[in-house]
Amino acid sequence: MFAIIDIETTGGNVKGEKITEIAIFIHDGEKIVDSYNTLINPEKSIPYNITRITGINNEMVANAPKFYEVAKKIIELTEGKIFVAHNVSFDYNFIRREYKELGYDFERPHLCTINLARQIIPGHVSYSLGKLCADYNIFIEGRHRAAGDAEATCKIFDIMIQKLPNATQHFHEKAHKALKEVKPPSVLDKLPNACGVYYLLNNKNEVIYVGKSNEIRKRVSTHIKNQSTRRTREMMAEIADVKYTLTGSELIALLKEADEIKKLKPKFNRAQRKENFNVGIFAKANKEGYLNIEIGTITKGSSPIFTYETQKEAKEHLFIIAEKYGLCQKFCGLYATQKACFGHQIGKCDGACIGQESVENYNAKVNILIDKLSLKNDSYLLVDKGLANNEKAIIYIEKGRYQGWAYCTELPELNKEAIKKAITLYSEHRDTLNILKQFIKDKKVERIINLGE
């Protein structure tokens with residue numbers, strides 16, 4: 001038996017918001033055999049933007065039962081059944097939270113019709129409830145109301161049952177297996193409150209998220225409690241275990257986190273997974289001595305001011321920084337002309353393109369840009385705390401390019417060959433450059449040893 005459920009709430013954050021409506025349809029694997037629907041007084045004001053979506057306002061729930069008054073009914077209806085919902089982690093976690101506040105541990109085997117639909121009825125552009133219903137010509141009577149959305153979920157559920165042989169048996173096995181694999185509360189107990197990198201793993205032992213924190217246990221606990229967005233709810237539903245590596249140094253933790261994300265490509269680190277920064281911007285003097293900013297391919301030994309994935313991305317950024325630093329669009333390769341650039345015509349360029357701005361003045365602005373965007377073009381060691389009291393972490397920059405890091409009880413000889421033998425080499429990319437620039441700027445390491453050119 002299945003309890004197909006939908007709720008409406010005062011907002012998306014399970015920690016601070018409350019349920020305003022619940023609908024439950026009991027499905028025996030063939031048809032709906034029972035149903036229940038009620039508004040719930042959330043004992044707090046419903047925001048106007050939520051009322052616009054659901055149509056539920058404060059007046060409608062003023063005389064509705066409070067959650068504790070319907071709690072027994074919900075337990076009775078769902079007892080011995082599989083909890084089913086579209087994006088189940090949202091509905092399930094909200095209901096669990098309500099029961100937790102009453103001192104009761106509500107736990108049911110549960111299934112997500114989004115995940116099931118992706119497996120059983122593939123090929124849809126979107127698996128949102130509205131889009132799926134549109135694809136199957138299912139009319140939702142009361143969209144964004146609990147009964148309307150729950151009934152629509154029942155109809156999608158029926159379609160999947162028809163598509164999959166032995167569907168109900170498959171659903172029961174899947175739901176009960178997932179319940180057994182839910183992370184135990186003790187997952188936090190083994191974590192230290194120390195600086196390092198942590199890895200969130202699913203039940204296949206795959207890394208789904210990599211993070212850094214000065215207090216790992218506290219940070220992972222925040223993750224587990226955070227249900228504010230669909231992405232965080234999906235991530236929390238997948239966590240089966242947590243692993244970690246201590247680093248001592250916050251800078252090493254940030255560099256290691258950035259490198260691990262590029263290497264492992266965890267599904268929930270989407271924004272940081274980019275790794276092919278093969279395009280850069282470079283400074284090169286023209287025959288008059290003006291420093292031109294050029295877009296080019298990064299090669300071994302080259303020293304880009306900044307790096308990008310594509311030429312388009314580099315060009316779009318150049319337009320922004322040219323205006324910000326008062327640079328000439330012609331000398332940035334953004335406006336092809338023999339005369340004044342467009343920026344000069346609208347007062348954004350001081351006329352370097354037609355000789356009105358001196359070489360010294362213009363190049364000083366370019367050098368300010370270079371100083372802001374790149375590491376200093378010399379060689380140095382950053383020294384920071386290690387994992388033990390008698391140990392140091394060293395990070396090596398050679399001619400403005402990040403090389404790698406190591407732990408050592410004694411500093412290596414201060415020559416490039418000895419340092420390179422001591423460190424583990426790591427790839428440089430935009431994230432590492434930004435991390436290093438910020439730490440150097442804020443002087444957040446214990447010591448900087450300049451090695452010269």
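Biologist: Which residue does Phe-83 stand opposite in strand 5?
Modeller: Phe-83 has His-110 opposite it in strand 5, where strands (E, at least two residues) and helices (H or I, at least four) are DSSP runs numbered from the N terminus. This is a predicted model, in which local features need pLDDT of at least 70 and side-chain atom pairs count only at pLDDT 80 or more, while totals for chains, interfaces and linings use all residues. Residues are numbered from 1 along each chain as its sequence is written, and side-chain values use heavy atoms, with hydrogens and water left out.

Biologist: How many bridges are there between strand 4 and strand 5, and in which sense do they pair?
Modeller: Strand 4 and strand 5, which covers residues 110-112, are joined by 3 bridges in the parallel sense; pairing requires that DSSP finds at least two bridges between two strands. Strand 1 (residues 2-9) is also a parallel partner of strand 4, again over 3 bridges, and there Phe-2 has Ile-82 as its bridge partner.

Biologist: Are the two faces of strand 4 covered or open?
Modeller: Both faces of strand 4, residues 82-85, are covered, with Ile-82 and Val-84 buried on one side and Phe-83 and Ala-85 buried on the other. Buried here means under 20% relative accessible area, against over 50% for exposed and partly exposed in between, with a 1.4 Å probe and protein chains only. In a regular strand the side chains alternate between the two faces of the sheet.

Biologist: What is the strand order in the sheet of 5 strands?
Modeller: That open sheet runs in the order 3-2-1-4-5 and has mixed pairing. Strand 3 (32-39) and strand 5 are at its edges, and each has a single partner strand, so one side of each has no neighbour in the sheet. From one strand to the next the twist averages 20 degrees, with axes fitted as lines to C-alpha atoms, for helices over the stretch in contact, and angles running from 0 to 180 degrees between N-to-C directions.

Biologist: And what lies across strand 1, strand 2 and strand 3?
Modeller: Helix 3 (residues 67-78) lies across those three strands and runs at about 20 degrees to strand 2. Strand 2, residues 19-27, is antiparallel to strand 3 and joined to it by 7 bridges, with Ile-22 opposite Thr-38.

Biologist: Ile-22, then: which residues does it touch?
Modeller: Leaving out residues up to four places away in sequence, Ile-22 touches several residues, including Ile-5, Ile-7, Tyr-36, Ile-74, Ile-95 and Ala-146, where contact means heavy atoms within 4.5 Å. Ile-22, Ile-24, Ile-95, Met-160 and Phe-171 touch the most other members of the largest nonpolar core, which has 56 residues. Such a core is a set of buried Ala, Val, Leu, Ile, Met, Phe, Trp, Tyr and Cys residues joined through side-chain atoms within 4.5 Å. Helix 7 (residues 146-163) supplies the largest share of this core, 9 residues.

Biologist: New topic: which strands make up the sheet of 3 strands?
Modeller: That open sheet has the order 7-6-8 with antiparallel pairing, and its edge strands are strand 7 (207-213) and strand 8 (241-246), each pairing on one side only. Strand 6 (residues 196-201) pairs with strand 8 over 6 bridges, and Tyr-198 stands opposite Tyr-244. Helix 11 (residues 250-264) lies across strand 6, strand 7 and strand 8, at about 165 degrees to strand 7.

Biologist: How many helices and strands are there in the chain?
Modeller: The chain has 16 helices and 16 strands, and buried residues account for 49% of its 453 residues.
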